[in-house]
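Please read them alongside the model.

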Protein chains: 2
Amino acid sequence: MKTINIILLGYGRVGKAFVRLIQEKQDFCLSRFNLHIRLGVVLNSRGGLILVPDKEGMGTLSDLAQGLKLEELPYWRPAMDFGKARECQDLDVLVDCTPSNIQDGEPALGYTHQALDRGWHVVTANKGPLVVDISGIRKKAEKNRVSLGMSGATAAALPTLDVALHSLSGAEIYKIEGILNGTTNYILTRMSKGMEYSVALREAQDKGIAEPNPSQDVEGWDTAAKILIITNVIFGTAYTLKDIQVEGITHIPSELREEARAAGNALKLFGRFVQNGKLPLLETKLSLIDPSHPLFGVDGTQKGIAFFTDTMDSVTVTGGKSDPRGAAAALLKDIINIYRG
Amino acid sequence: MKTINIILLGYGRVGKAFVRLIQEKQDFCLSRFNLHIRLGVVLNSRGGLILVPDKEGMGTLSDLAQGLKLEELPYWRPAMDFGKARECQDLDVLVDCTPSNIQDGEPALGYTHQALDRGWHVVTANKGPLVVDISGIRKKAEKNRVSLGMSGATAAALPTLDVALHSLSGAEIYKIEGILNGTTNYILTRMSKGMEYSVALREAQDKGIAEPNPSQDVEGWDTAAKILIITNVIFGTAYTLKDIQVEGITHIPSELREEARAAGNALKLFGRFVQNGKLPLLETKLSLIDPSHPLFGVDGTQKGIAFFTDTMDSVTVTGGKSDPRGAAAALLKDIINIYRG
């Protein structure tokens, strides 16, 4: 049995779902993978908990999994921060559930580098550091012989990088098209039934699908960040947000919607990479697709990605839960895959 | 650079496509994975070639890739067989492209065991040994610390096992539904447009999609073999063909076709596993699906598989080339994934 001690950064919706999930999956991870996944440290912006190596750790995990707030627990330390956590022995994996800042990646980018320097693996749901400095992060991980788990930041429970890097080994990918954002796809699906944008957005907000401030999603930046990371990881490139043309769903001409409906086509927000000689095209773009497209029928909060290859034709993945539990499952997957070897 | 010497068993359509593919992908495998994939031995039922360690090996690969017959090459040895090949040094991976015999697995089953005993990895497009003795083969591979690549026998270029074992790590799969046979799916797609079974079958045969003797496909046995292998590998079980209810597409009641067409549904041949308490259901069954099913729209020779999980909802993969080149690409993928670690 291998014991893995996690340092969890961020205790919002995804962080909480992750704690509940590792509690729920303790026995399964042990019996199936011989892995004992423990919570070692939990940090939010106000302080943190250390659960390693005291034996109460497991009890605390249960308390957390049952929904208690960090501050209510006996081990709560307001003075705890990332610097102090770095001094802890026995930690193995940083799980980053802090909010994505795709402008400069901070503060997560600094924590990521420090974690890699500390010899910790990094498993992240945070797109920021990967958008801003994917090359530096990958180089440092390789140099320090630790792993990066990026599923949580690249459409989460929908496998994207996994499939490209593992299931398509040996094939060369010349185009990628993805519906990578559940919120915009939900709104577009409702609009395809005749609903106006503002009404569909409000409905999505009422259902907890869209954020109170939805701009990252509806203006296309979340999709842009994901296709950027996916492209850079697959091809070892270092494109930035400046290299990608970004379009959102906030100003769709009514003629375009009418055209789609009349022809039985669907209007989707695609993150797209096209290998185009030496000048690849990267874009987030509203795209009209007909029923023969492999992503036709990917509706509501569902996501999907299609890889077009030289030897295997297109391989398309769809589905994967678009909620905090799905994101937590993607983080757990990456942890397991690091250790099963 | 790591050099990998292949022993290729079987030189039919898939074997030939594999030889062309490793010739075509030499530079790519070297630059991307630092792997030099060479052909060491090629065997068919009449004899074989040894290409290791003589330097002409590469020339011979080119000759083969250009379509020359084995018997026409200067290194052809009519007396060559698997027993003699086992005495060769420096071979690393057995690639099995011999026809599937799902009754007793032979002769490939014997070769598989001998290869594993010899310390070779085994990468196979042959369902027979995996249907008949998956437990014995896996145990032996584990004991001898060699790997099994089974993509070529489990829907080939459509990733199935990869996704279940890697992309869904930590999730528990309670149901699998797959369109796993391109021939039957092609025929069913044509029948959905009003064509009679016998006409659609003949068209598929004329196009080289269906075999002259199509019974393995149209009676459901190919699908049964695939869902059986996929299930046994994922769950570590040892079900046999006797445990699976098998239905084909040769006698579809016209009312059922009419019902599907009238309701806008599709009739598909599913390989299906359902975790049903302690008595799992395994079947190959004609299934009516509506447009909300994730495999709706998987038409023609396309394949697809949907995994239903506890934490990630359903994850569906579709596409992947259904021809010898796609099968060869799946074999190459498995080889690369063994060595990239």
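1. In chain B, α6(B) passes α11(B) in a left-handed crossing (left-handed if the near helix is turned anticlockwise from the far one by less than a right angle, right-handed if clockwise). Helices here are DSSP runs of H or I with at least four residues, and strands are runs of E with at least two, numbered from the N terminus. This is a predicted model, in which local features need pLDDT of at least 70 and side-chain atom pairs pLDDT 80 or more, while totals for chains, interfaces and linings use all residues. Residues are numbered from 1 along each chain as its sequence is written, chains are lettered from A and ligands numbered from 1 in the order written, and side-chain values use heavy atoms, without hydrogens or water.

2. The axes of α6 (residues 127-143) and α11 (residues 221-235) of chain B come within 9 Å and cross at roughly 15°. α6(B) is therefore roughly parallel to α11(B) (under 35 degrees; over 145 is roughly antiparallel, 65 to 115 roughly perpendicular, the rest oblique). Axes are lines fitted to C-alpha atoms, for helices over the stretch in contact, and angles run from 0 to 180 degrees between N-to-C directions.

3. Contact (heavy atoms within 4.5 Å) between α6(B) and α11(B) involves, among others, L130(B), I134(B) and R138(B) on α6(B), and A225(B), L228(B) and N232(B) on α11(B). The contact residues divide into 7 nonpolar, 1 polar and 4 charged (Ala, Val, Leu, Ile, Met, Phe, Trp, Tyr, Cys and Pro are nonpolar; Asp, Glu, Lys and Arg charged; the others, including Gly, polar).

4. α5 (residues 108-117) of chain B and α6(B) have axes that come within 10 Å and cross at roughly 10°. These two helices are therefore roughly parallel as well.

5. An open sheet of 12 strands, with mixed pairing, includes strands of chain A and chain B (strands pair if DSSP finds at least two bridges between them). Its edge strands are β9 (245-246) of chain A and β8 (245-246) of chain B.

6. Strands β8 (residues 173-179) and β10 (residues 266-274) of chain A run antiparallel, joined by 4 bridges. I176(A) stands opposite F273(A) in β10(A).
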